[in-house]
Amino acid sequence: MNLPKWLARRVKVDKPLSPQTTFRIGGRARYWFEPRTREELALFLSCRSSSLPVFVIGCGSNLLVADGSVDKVFVSLAAPDFCRVRVTGTKVVVGAGARIGRLISVLSLRSLAGYEFLAGIPGTVGGVLAMNAGARRDLEDASSYREIKDIVDWVEVLDDRGRARRFLRSEIAFGYRRSSLKGCVILRAQLRLERAARSAAEARLKNILVQRLARQDWRYPSAGSFFKNPSPAQPAGKLIDRCGLKGLRVGGAQVSDRHANFIVNVGRATSADVLKLMEIVRKRVYNRFQINLQPEVEFVS
């Protein structure tokens with residue numbers, strides 16, 4: 001990489017990746033860079049070798065990273081410059097590196113509503129925007145489903161050469177677990193919320209967290225929900241459960257016995273273990289229901 005010497009000295013080589021993901025799986029990053037400011041990040045992007053792809057990693061909550069050496073430049077936006085949260089009335093400008101849990105903690109004190117569906121979603125704001133994460137505000141009510149696209153005003157990004165751009169909501173193509181922001185380095189976004197009594201917002205948040213903790217499985221490392229839901233009426237977990245696959249294990253990877261759409265790392269699982277188990281699950285579900293499950297988790301290789 002053709003970087004200034006002072007910047008090149010801060011790039012790490014062969015950094016272990018498993019501690020950087022919630023799955024606790026992965027090999028080593030060829031390069032790892034943690035910029036301190038957006039100006040430093042822009043300079044890095046403009047000077048780096050274009051032959052090496054850049055991968056922005058948050059807290060690694062929706063990732064399955066390959067075993068062995070991963071030939072990418074991993075960029076972590078964990079510095080304070082990328083994690084700020086500024087509330088003005090019902091508008092919130094939040095950095096891409098801010099964790100969803102911290103964002104919710106700030107908003108819950110401001111008598112605001114409209115963001116509660118994010119409660120319990122692990123990850124950072126940048127990752128939630130890139131994949132258009134969403135969830136129900138009430139697990140028993142399918143009509144309560146919301147996605148981050150429903151509360152976004154604009155998103156600021158850098159392209160792969162470090163050039164800044166702001167996209168209005170109308171300029172971003174959002175879909176189920178995808179967006180046109182992929183390929184950009186997301187810097188920050190403005191969210192549009194609404195006024196609400198603080199006590200009511202806190203009660204909704206508590207109810208959502210209680211429901212999710214009761215149904216999901218966070219006893220072991222995982223990437224959260226592994227497969228996309230084919231439809232609201234056919235959630236992936238229910239299809240997998242009806243095939244009798246809870247507890248199925250390959251190496252250190254196992255279909256959770258608590259939530260069938262969680263693949264968990266019960267003991268030194270490798271990426272290969274997870275991929276093999278994934279294919280077994282997909283084949284069994286297809287053979288019984290003729291439904292081809294698609295992974296929600298992003299594979300990084």
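Which residues of α7 are buried? This tour reaches them at its second stop, after a few conventions.

The structure is a predicted model, in which local features need pLDDT of at least 70 and side-chain atom pairs count only at pLDDT 80 or more, while totals for chains, interfaces and linings use all residues. Residues are numbered from 1 along each chain as its sequence is written, and side-chain values use heavy atoms, with hydrogens and water left out.

**Stop 1: the span of helix α7**

Select residues 271–289, which form helix α7. Helices (H or I, at least four residues) and strands (E, at least two) are DSSP runs, numbered from the N terminus. Helix α7 has 19 residues and reaches 27 Å from its first C-alpha to its last, close to the 27 Å expected at 1.5 Å a residue; the expected span is 1.5 Å times one less than the number of residues. Just after the helix, select Gln-290, which takes a positive phi of about 55°.

**Stop 2**

Now colour Ser-271, Asp-273, Val-274, Leu-277, Met-278, Val-281, Arg-282, Val-285 and Phe-289, the buried residues of α7. Buried means under 20% relative accessible area, exposed over 50%, and partly exposed in between (1.4 Å probe, protein chains only). Seen down the axis of α7, the buried residues fall within an arc of 160°, so they line one face of the helix; the arc is that of the directions from the helix axis to the C-beta atoms. An α-helix has 3.6 residues a turn, so residues three or four places apart point the same way.

Turn to the face directed away from the buried side: it carries the exposed residues Lys-276, Lys-283 and Asn-287. Then display what covers the buried residues of α7, which includes β4 (63–65), α6 (236–242), β18 (249–250), β19, β20 and β21 (298–300). Contact means heavy atoms within 4.5 Å.

**Stop 3: the five-stranded sheet**

Next, display the open sheet of five strands in the order β6-β7-β15-β11-β12, with antiparallel pairing. Two strands pair if DSSP finds at least two bridges between them. The edge strands, each pairing on one side only, are β6 (85–88) and β12 (164–168). Neighbouring strands of this sheet are turned by 15° against each other on average, direction ignored. Axes are lines fitted to C-alpha atoms, for helices over the stretch in contact, and angles run from 0 to 180 degrees between N-to-C directions.

Within the sheet, select β7 (residues 91–95) and β15 (residues 185–192), antiparallel strands joined by five bridges. Here Val-92 stands opposite Leu-191 in β15. Five bridges also join β11 to β12, again antiparallel, and Trp-154 has Leu-168 in β12 as its bridge partner. The strands β11 and β12 form a hairpin with five residues between them, and Gly-162 in the turn has a positive phi of about 90°.

**Stop 4: helices against the strands**

Select residues 100–107, helix α3, which lies across β6, β7 and β15 and runs at about 30° to β6. Then move to helix α2 (residues 38–47), whose buried residues are Glu-40, Leu-41, Ala-42, Phe-44 and Leu-45. These pack against α1 (5–8), β2 (28–33), β3 (54–57), β5 (69–76), β11 (152–158) and β15.

**Stop 5: salt bridges**

A salt bridge is a side-chain nitrogen of Lys or Arg within 4 Å of a carboxyl oxygen of Asp or Glu, and by this rule the count comes to 19. Select Asp-257 and Arg-219, whose side chains meet at 2.6 Å, N to O. Asp-257 lies in the loop between β19 (253–255) and β20 (262–265) and Arg-219 in the loop between α5 (198–215) and β17 (222–225), so the pair ties together parts that are 38 residues apart in sequence.

Continue to Lys-149 and Glu-147, which meet in a salt bridge at 3.9 Å, N to O. Lys-149 is partly exposed at 23% relative accessibility, whereas Glu-147 is buried at 8%. In a further salt bridge, the closest N and O atoms of Asp-241 and Lys-246 are 3.7 Å apart.

**Stop 6: Thr-22**

End at Thr-22, in the loop between β1 (12–16) and β2. Thr-22 is partly exposed, at 25% relative accessibility. Leaving aside neighbours within four places in sequence, Thr-22 is in contact with Cys-59, Gly-60, Ser-61, Pro-221, Ser-222 and Ala-223.
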